[in-house]
Amino acid sequence: MEEESPSNDHVIRPHHISILSILMVAFKDLEIKKFPNDYALHIYRVLLSEIAQVAEPRSHKELLHTICSGPRSQGSESFDFKAAINSIHTDITTADRMGNFLQNIRCLLIDKSPSEPARFFRRSVFGYFCRRSYFSFLKLSFSGLVKLCVDYQHWVAGDSTAGYDNPDKELLIYDKLVYKTQVDKKNWAKPEAYGQWTKAELVGDHALAVDHLRRFFEQHFSDDNKSSHREHALLNVVRMHYVQGEFGAARRLLIEAVDAARTSGDKLILHHCTSLLQRLPPLERDSRPSLLEIQSETHPLEILFDVSKLLNERNQQPMSAAFQKIFQAVGLYDQWLSEVAKTPVNENYQWSQHAVQSIAWTQTGCDRLSSIEEDIVIAFSFPSPFVMDRLSAIINKAYKHARQGRYEEALCLLMEPSTWTPLGVNECAHWASQIWHILSLRATRRGQIRAFRAFLLERVPIDGFNPREYLFDMRWDTMSTIKESLFQVIQARDQDQAASSIDHLLSALWYSEFLCRFNLYRTSIILLADIGLEFNLSKRSRRILEEIMPQVINGDDLEQRAVAYFVLARCIIVAEESNASALQQALHYLQIAEEDFQKLEMYRSTKEVQYLLSVVYHNLGLENERDKAALRHENTEKQERDAEAHLDCAYIQEIYDTIALIGAAVATR
């Protein structure tokens, strides 16, 4: 069994003197017993918080202000106490007075008489703090006491760095202590370098980050023969390259980290390295990525990453395989938390499986279940850097709002301070790219192609995009099998050549049904019914549309419902040979389609529906309704011309100015 590393040596810092002075004044003569209960409770809470060091220590001025501003602190009972703690620092101006003050700590720790026990018990928080400070004082040399006194006076004057340096414990020059224990003779590892590494990584200063990381792991951690932690440093650098998308550098360092972990016999780091190696994209273009085999030390997040491989359409795996992996990750998390993890883990990890489930349900076409999972993640997780679950849930929710035509609501959700405040530089770039996608969706739906090309294309996000998702006649990388097939079908339909794209449509139908991408399957069925009209298969088209209508009627995807209703109305009109009852039935669907397209601000599609509405009203003899539909058609055409004429750049520029300010604040904090 390995020996535990010695505890960190205790060094008296300037803020310890202020805490000790408050304890001396409050408890030496039990002055605190005379205070109102609310004020005494306030003092206890402040002192416990400062002694526990759960946050950076307050400055001298802040500490005294906090102590003196508690509830019911203005009474005459606490006047002498506040005057004493505000003036005691003026008496500790020399090394002799500092020594006398620290020597008086004993009065709080020893029994005055059998009937009057010590003020603090040995195992109490205050007693442990005072006893530890007293023993640290006894080890100080005269030069160390002088330095403590000088540092304390500078700290009281406002210098927050005075007295907080880490001394070099070289035996020949370290003269601050008279009595040196085993711990005092060595420079043990300190966490400051790792904090500086984390901060540098957060703001994107990678050269400085690697330097601080090297300094941290070069420190002395333990006395055993295996005190080198080079594999830890390499693993952290690999993770930084992985987050940056620098997969080549990550792969090279991972191979080195694997060798270092095997040499040192660190099985846990070796397992992390091999898991991360499988996260990297394969070197061969068409090869399928491998999945992890669950072992006793497998981290549940690694299993959730395997879900992302199964969700990729290029790997041609049905959604059932992804859900099986999610179930495995849920069970593995409980086992890993109780048996493998030896330290407290980030509470946000328990919501990771909900974030992945929301994406899986979206891919399956169950938007309402997906929204429930997103709400769980947003409600119960807390903002944290380097944890993308909450950000991913917010981004997905915002994009759904945009898909439903609620563009302003989507942008407001992304621009809320709680969304971007905890982000690092890399996460901030990903967040800004999602805003770009929402603005691009809005512009292309409104028909603002000139604004999209002139303004938005100049601000393409760093993670790239495929313009075929927004525009036709674009030569770019092909999308996934289903989306590429649907793109070819829709583009051919836009050029009145939909009949020539039957092969692409059948491919989209087969893959979407086999892979359980039912949202894309419903879109494929709608396009199949639309093409069926060109082959005089109106009754068959109507029947297949009515079969999927229960899945579309809720309006989880307004664009899909609008297109489905528009095609269904045309099928009814053609199948029933335009009789009055058929026209009346088609009116209902056309009116809903018009409302949906108007909400989405899709002016071109709105005009097509309004034109057909005016024709239906004319054939039904409803001249007033026909004229109103024609007037709406004219207004929509005017809106389309205005949207194309006015680039709307001021609106977009204002958003990007805000993004620039947020990015600058994130990089310089």
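Author: Start with a helix pair. Helix H9 (residues 206–217) and helix H10 (residues 230–244) have axes that come within 9 Å and cross at roughly 160°. Helices (H or I, at least four residues) and strands (E, at least two) are DSSP runs, numbered from the N terminus. Axes are lines fitted to C-alpha atoms, for helices over the stretch in contact, and angles run from 0 to 180 degrees between N-to-C directions.

Reader: What kind of model is this, and how are residues numbered?

Author: This is a predicted model: local features need pLDDT of at least 70, side-chain atom pairs count only at pLDDT 80 or more, and totals for chains, interfaces and linings use all residues. Residues are numbered from 1 along each chain as its sequence is written, and side-chain values use heavy atoms, with hydrogens and water left out.

Reader: Back to the pair. Are H9 and H10 roughly parallel or roughly antiparallel to each other?

Author: Use the cut-offs. Angles under 35 degrees count as roughly parallel, over 145 as roughly antiparallel, 65 to 115 as roughly perpendicular and the rest as oblique. H9 and H10 are therefore roughly antiparallel. A crossing is left-handed if the near helix is turned anticlockwise from the far one by less than a right angle, and right-handed if clockwise. For H9 and H10 the crossing is right-handed.

Reader: Which residues make the contact of H9 and H10?

Author: Contact means heavy atoms within 4.5 Å. H9 brings His206, Ala209, Val210, Leu213 and Phe217, and H10 brings His232, Ala233, Asn236, Val237, Met240 and Gln244. Now sort by class. Ala, Val, Leu, Ile, Met, Phe, Trp, Tyr, Cys and Pro count as nonpolar, Asp, Glu, Lys and Arg as charged, and the others, Gly among them, as polar. The contact of H9 with H10 has seven nonpolar, four polar and no charged residues.

Reader: How do H1 and H6 pack?

Author: Helix H1 (residues 14–27) and helix H6 (residues 125–138) pack at about 120°, with axes 11 Å apart. They are therefore oblique to each other. The crossing of H1 and H6 is left-handed. From H1 come His16, Ile19, Leu20, Leu23 and Phe27; from H6 come Phe126, Phe129, Cys130 and Ser133. Seven of these residues are nonpolar, two are polar and none is charged.

Reader: And what is the angle between H1 and H5?

Author: The axes of H1 and helix H5 (residues 95–103) cross at roughly 55° and come within 11 Å. That makes H1 oblique to H5. H1 passes H5 in a left-handed crossing. Ile17, Leu20, Ser21 and Met24 of H1 meet Met98, Phe101 and Leu102 of H5.

Reader: Is Ser136 buried or exposed?

Author: Buried means under 20% relative accessible area, exposed over 50%, partly exposed in between (1.4 Å probe, protein chains only). Ser136 has 8% relative accessibility, so Ser136 counts as buried. Ser136 is found in helix H6. Leaving aside neighbours within four places in sequence, Ser136 is in contact with His10 and Ile12.

Reader: How many residues does the largest nonpolar core have?

Author: A nonpolar core is a set of buried Ala, Val, Leu, Ile, Met, Phe, Trp, Tyr and Cys residues joined through side-chain atoms within 4.5 Å. The largest has 48 residues; Leu545, Leu590, Val609, Leu613 and Val616 have the most contacts inside it.

Reader: What about the protein chain overall?

Author: The protein chain has 30 helices and zero strands. Of its 669 residues, 46% count as buried.
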